[in-house]
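Here is a short report on how the chains of one model meet.

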Amino acid sequence: MLTAHWLYGLTGCLIVALGLRAALLQTSLLRRVVAVNVMGTGVFLVLIAVAYRGPEMPPDPVPHALVLTGIVVAVSATALALALARRLNAEHADE
Amino acid sequence: MIDGLSFLLIGAGGFFYLAGSIGLLRLPDLYSRLHALTKADNLGLGLLVTGSALQLPEPLIVFKLLLIWLAVLAASAASAHLIARHARRQEARP
Amino acid sequence: MSELLIWLVALPLAGALAALLLPRRATATAIATGVATTLAAAALLHGVATQGVMHYAIGGWTGGLGIALRADGLSALLVLMNALVVLAASVYASAYFRKPSQRARFWPLWLLLWTSLNALLLSGDLFNLYVTLELVGLSAVALASLGGQTAAVQAALRYLLVGLLGSMLFLAGVSLIYAAYATLDLATLARVAEAGPILWSALALMSAGLLLKTALFPLHFWLPPAHASAPAPVSAVLSALVVKAAFYLVLRLWLDVFPDVVTAQAAAVLGVLGAGAILWGSWRALHAERLKVLAAYSTVAQLGYLFLFFPLLQALPSDASRDLALGGLVILALTHGLAKAGLFLAIGVVQQRSGHDTIRDLDGTAQRLPATTFAIALAGVALIGLPPSGAFLGKWQLLAGSFAAGQWLWILVTIIGSLLAAAYIFRVLGHAFGHGPYPNVAVTLAREEWPALLLTLTAAVVLGLAAAPVWSVLETRL
Amino acid sequence: MSATSLLVFDGLLLVSMVSLAWAALASTDERRSVILFMAFGLVVALAWARLLAPDVALAEAAIGAGLAGALLLTAGREQRQPTPVHGAAGVHKRHDAPLGSALRWAVTSMSAALGGTLAWALAHAFSRGPQDGLAQAVSANLPDSGVSNPVTAVLLNFRAYDTLLELAVLLAAVLGILALGRERPGYAASGPVFDGLVRWLVPVLILTAGYLLWVGAHAPGGAFQAGATLAAAGVVLRLAGRRCIGLPQGTTLRILMSAGVGMFLLIGLALLGFGRPFLGYPAAWAGVLILVIESAAMVAIAVTLVLAFLGGRPQPIRVDALGRAPALPPVAAPSGRTREAMPRAESATAEALERCNEEKVRC
């Protein structure tokens, strides 16, 4: 069963491309943030697929740890982006 | 015997899920969709849990499965209530 | 001795926490941290110069299991430049931010940014570099939005999204490398790397992400608004250090980690983009209406010069002439860092004192703020590349390398770029020296004017006259 | 499970993943796009579980889909509030006019080229055969790491420096958020059904957080998952319309925010003082030190994520003037009962929660 990491890894590449395209094309901020998050998930999928060693072998824990770090970093950036957007919104509302 | 029973239960659970999903897609308005979804899913999940519980060696894991079912029941009841209430309020002020 | 490496990260980080927990003493804490970290940076440079490359295995885990910190001549020089710039900008910031609430918000983020810059320059691990890139990005964005005006927040938001995209591309490259080589350690990679589809793609992805972060033309669109609308000390550090951190990483990857993977065509692409950056950035700087916008576009142009070196380094045989060119590159980067930071601090003084930074209305600035105007002039000397500035030596090496490699195009671009730089600097000075109804004074505001003056003086005079050690330090390479 | 049925499962999972991603990105309605993104996150969590990465699955479900989703939904809700025409949508482009089709094509083909390059290189990497990775080095050194879950060993021992910097990233983000303004207005009080669920759910979440923290040493779980679960408790309370969710004010808040980085740094530098490398735990002490760091990190992560959800500086609740609270309301009973079972780190939070419940009654 070594096909699984191919399947998931290549799907990860596809999701990266989809996310990147949307991140560049979207005009709404919220959907742009969603797009960057989707792209990040694609990269994480590649990493986890790399770690997979088939059902019998335990997977490589290092990429798992890297992805955990990546998820937390991504959520921090998302939170900051949304706070910045909220500030802009508030200013527009005040006008 | 036990295998057959759990096969039946899991199959029935799958059927309820299918029915719930079709209901979600086909039913005309939000309330009947909610009804289809929560009813079918709660029962479906219950059947699935019972079916898989028969296959498990350890009672501790069975207990965990039951807990999951209870949590899903509570969450889906509350969220269905919230969605329905929101919809009612939207109707109230057109 | 090698513990210095971890102290250079731990000191500013501890300072950030202390500034966060003791908001009333934040300024004093930050300055004390700044002095200590600068001393550590000087000790690092001394150590690297005398003992060669330094290593530190964090947690004692070696063999790629843990993360290693490394310092060679290049990183030690940049760490010291960071320290000088941040320290000077800190002194300035202590006067710039007047309200206690502003200071309480500024200092922790400021020290976090410094932590991340040092961590990036010293890291020897690909994934750790990704984390430091994100830390640099997020703390820089948070600082850039501190002003709170709509323009600043908007620019910061775009900066954040661009930065995120860049780091995701970088991480995609890192995953490829891990997939193929199962290591993240730069030193190990340098040993096992072989040219082929995997590393070409990985290097292309990582470089694309980093070029976005270092704002190489035509990916520079986010830089001018972000740098022009941030608070002055923040602009100084963004323009002088933050973009250069991403540049450092490109240089490190192309020159030291994957030298055999890089092709002449790829290096030529970077050279052409650099040339585009010089021409476009200088042209826009010439037409800028505000001083800060001018300085930001000038950063776009000056980064272009650094990228002109890539095709040269690729073409030159690895002997003395290549080392000379590399030294020229580094000294150009150092000069620009110091001069641009000084320029932004000086602009900050002008902006706060006259309430604006519109170039057309600068008349009389030389009379009111002579020291600051002098600092702007000195920064101009360095940006144009006049002797005795460090940039003169750097550009000299650029021209010499272009002759040696027979790549004439870069000579033409350098000359045009320098002429345009002279034009935009003299445009500013022409206005600043115009007469206004003000009395003549010397230094008016010590804490605000001295940092800019010292930085630009170092860039325009000291670095140029005492440049020889730079080349000898650079000989310690990973 | 047989190989074929696993392949069918893989196929279903991948198809739903890609189609959810596509739907989330293509949807023209922001709220729909966010909800689809959350669904995408949950399916991705399944994929992690399928690829034997349960730690990542937990984190993805709690953080990637859960908290990020909550953040995005709340942001979307605010942007729907009546804002002028040039409101949120105008952040990047002044008008929402469709981009030129030439540009569209250029971007699409560029993204396809990039994704293609990635796939091409990945295929080359995979066809070199499975790499040993660092897996062997990790398992060889696992006995000295102080924990038996290899992922926790990597996160908190071998690559602890990454985690330290990652906590610094969180801190930078939250400092940026706090500098931008005040918290967003709270939600209206919810009806009895949701309130009932919350009374029941919050103690369970706190208990779960404690469990995840404790179990992370030898099984999937750890500080990040636990912190996210704890934060979820705060978010749920907030959604139920409570103003007071157990967050302290002023210096205490700042201490909690910086607890993760602070504890890491303190232990790292203390070890340096004892002549060990930075973050080089002695094998005998590693387990304890990791648990201490993780507890502090959990608190910091939870506080940070809740603050991120609040979206700004929390405002003081002015009820202290009323003096002592009346008798404990029945609400607090469950969290009181669970307290014995919880590791140290939670009891403080549970106490804060109880205090809050008291205040709630007075509000």
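This is a predicted model: local features need pLDDT of at least 70, side-chain atom pairs count only at pLDDT 80 or more; totals for chains, interfaces and linings use all residues.

Residues are numbered from 1 along each chain as its sequence is written, and chains are lettered from A and ligands numbered from 1 in the order in which they are written.

**Chain contacts**

Two residues are in contact if their C-beta atoms, placed from the backbone, lie within 7 Å. Chains A and B do not touch. Neither do chains B and C. The table gives the nearest C-alpha distances for these two pairs.

| Pair | Nearest C-alpha atoms |
|---|---|
| Chain A and chain B | 20 Å apart |
| Chain B and chain C | 33 Å apart |

**Chain D and its partners**

Between chains A and D, 68 residues of chain A contact 80 residues of chain D. On the chain A side, the elements giving two or more residues are α1 (3–25), α2 (29–51) and α3 (61–94). Helices here are DSSP runs (H or I, at least four residues), numbered from the N terminus. The largest share, 27 residues, comes from α3(A). This side divides into 48 nonpolar, 13 polar and 7 charged residues. Nonpolar covers Ala, Val, Leu, Ile, Met, Phe, Trp, Tyr, Cys and Pro; charged covers Asp, Glu, Lys and Arg; the others, Gly among them, are polar.

Chain C also touches chain D: 49 residues of chain C contact 46 of chain D. On the chain C side, the elements with two or more residues are α1 (4–21), α4 (100–122), α5 (126–144), α6 (150–181) and α8 (197–214). α5(C) gives the largest share, 10 residues. The side holds 34 nonpolar, 12 polar and 3 charged residues.

**A helix pair in chain C**

How do α12 (residues 291–315) and α17 (residues 408–432) of chain C cross? Their axes (lines fitted to C-alpha atoms over the stretch in contact, with angles from 0 to 180 degrees between N-to-C directions) come within 11 Å and cross at roughly 160°. α12(C) is therefore roughly antiparallel to α17(C), a term for angles over 145 degrees. The crossing is left-handed: the near helix is turned anticlockwise from the far one by less than a right angle.

Leu291(C), Leu294(C), Ala301(C) and Leu308(C) of α12(C) meet Trp410(C), Val413(C), Gly417(C), Tyr424(C) and Val428(C) of α17(C). These contact residues divide into 8 nonpolar, 1 polar and no charged.

Technical notes: Angles under 35 degrees count as roughly parallel, over 145 as roughly antiparallel, 65 to 115 as roughly perpendicular and the rest as oblique.
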